[in-house]
Amino acid sequence: MSHIANDATVPGVRIGLPLAIGAAFAFGMSGGWARGLIDAGWTPGAAVAARVWIAALVLLIPTIVSLRGRWGVLRTNAGMVAAYGLLAVTATQLCYFQAVAVMDVGLALLIEYTAPIAVILWLWLRRGERPTRRSVIGAAIAFVGLVLMLDIVTGAEVNVAGILWALAAMVGAATYFLLSAKADTGIPPIALAGGGLLLGAIALTVAGLVGILPMAWTTDDITYRFGTVPWFVPVLAIGLIATALAYVLGIASTRMLGSRLASFIALSEVVASLLFGWLLLGQSPDLLQALGAALVLVGVVVVKLGEPRSAAPGEPEIEAVALPRQ
């Protein structure tokens with residue numbers, strides 16, 4: 001435990017572990033609820049806008065309290081907050097919802113969760129930081145898993161649009177890694193999340209008003225595998241539980257567990273997304289896809305175990321951030 005949880009304490013693990021699992025399962029339900037909205041006539045843009053606005057308003061007061069009047073911190077890091085809100089949060093969620101509109105929610109999230117491999121590759125090409133042998137092996141395992149998961153070897157029809165949207169979400173998630181790793185900004189984590197969500201909500205609204213992002217919704221009841229519910233049930237579930245509550249639990253658990261251990265526990269979000277995909281939508285991978293999904297998870301774990309434990313001053317320590325959340 002001490003090898004992985006290098007910055008965690010025993011009391012912190014006892015309290016932080018259930019919080020981290022709760023955060024992962026809260027984040028993991030978003031795709032299932034969103035797919036129901038999309039099937040009923042909501043556009044992905046409208047679903048993401050509703051989710052982000054609800055979460056931003058819920059986190060507004062905690063964001064203000066966490067800053068304690070230090071508004072200069074936001075001005076100094078305006079570019080980072082903008083990139084975090086528009087790319088790492090909003091664009092990632094929008095692309096993920098676009099992906100789940102045409103493919104299984106668990107598979108879309110698994111593609112996105114290959115983001116650590118993209119970050120390793122980016123640092124190698126951009127800064128010449130060669131990946132460790134373990135990271136290379138993990139990337140190879142994850143690639144084989146993706147091939148199996150997407151049914152390429154069986155000749156099954158592949159939804160290219162869904163894969164491209166999921167890969168775009170992966171790029172946004174990689175941006176999340178790089179931005180979240182900057183620990184010298186002075187911005188409290190909840191302020192970064194709250195500020196980014198608010199900026200993202202405003203940007204989505206403007207994009208919808210000018211016609212760049214299609215916005216359509218319905219107040220008809222939404223049908224899921226277990227039955228029919230009013231439209232506001234999935235909207236509130238996504239905004240309050242899968243975003244606002246999930247972020248709070250995630251931030252609190254990361255501080256208790258340490259970011260390295262928290263990033264491994266965050267992998268249970270994939271399990272949660274598969275579970276909720278089955279409970280809400282009746283989606284379940286076949287045997288070959290399940291094997292591929294397992295290999296992707298193993299590959300990501302191996303990649304993260306192969307990450308360097310420290311970085312040069314001013315450079316991001318990739319192991320110091322938890323996985324991006326949906």
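In this briefing, Ala, Val, Leu, Ile, Met, Phe, Trp, Tyr, Cys and Pro count as nonpolar, Asp, Glu, Lys and Arg as charged, and the others, Gly among them, as polar. By these classes, the residues lining the largest cavity comprise five nonpolar, five polar and one charged. The structure is a predicted model.

**Largest cavity**

- The model holds two cavities of 30 Å³ or more, and the largest cavity has a volume of about 60 Å³.
- Residues lining the largest cavity include Asp-104, Val-105, Gly-106 and Leu-107, as well as Ser-273, Leu-274, Gly-277 and Trp-278. Gln-283, Ser-284 and Pro-285 also belong to this lining.
- Helix H6 (105-112) and helix H13 (268-281) each supply at least two residues of the lining of the largest cavity. H13 provides the largest share, with four residues.

**Second largest pocket**

- The volume of the second largest pocket is about 240 Å³. This pocket is lined by 14 residues, of which Thr-114, Ala-142, Phe-143, Leu-146 and Leu-167 are the closest to its centre.
- At least two lining residues come from each of helix H7 (115-127), helix H8 (133-149) and helix H9 (160-180). H8 gives the most to the lining of the second largest pocket, namely five residues.
- The lining of the second largest pocket has 13 nonpolar residues, one polar residue and no charged residues.

**Helix H7**

- At 1.5 Å a residue, the 13 residues of H7 should span 18 Å, and this agrees with its end C-alpha atoms, which are 18 Å apart.
- Buried residues of H7 include Ala-115, Pro-116 and Ile-117. Val-119, Ile-120 and Leu-123 of H7 are buried as well.

**Aromatic rings**

- The count of aromatic pairs comes to seven. One of the pairs is formed by Tyr-96 and Phe-97, and it is tilted, with 6.0 Å from centre to centre and 45° between the planes.
- Tyr-96 counts as buried because its relative accessibility is 1%, under the 20% limit for a buried residue. Phe-97 is likewise buried, with a relative accessible area of 0%.
- Trp-33, Tyr-224 and Phe-226 are linked into a cluster by ring pairs.
- The charged end of Arg-225 sits over the ring of Trp-278, at 4.4 Å from the ring centre. Trp-278 is also one of the residues that line the largest cavity.

Notes. Residues numbered from 1 in each chain as written. Predicted model: local features only at pLDDT ≥ 70, side-chain atom pairs only at ≥ 80, totals over all residues. Heavy atoms only, no water. Phe/Tyr/Trp six-rings, centres within 6.5 Å; stacked < 30°, edge-to-face > 60°. Buried < 20%, exposed > 50% of the residue type's maximum accessible area, 1.4 Å probe, protein only. Lys NZ or Arg CZ within 6 Å of the ring centre and 35° of its normal. 1 Å grid on protein atoms, 1.4 Å probe; cavity = no way out; pocket = protein on both sides within 12 Å on 5 of 7 lines; lining within 4 Å. Points joined across faces, edges and corners; volume = space filled by probe spheres on them. Expected span 1.5 Å × (residues − 1).
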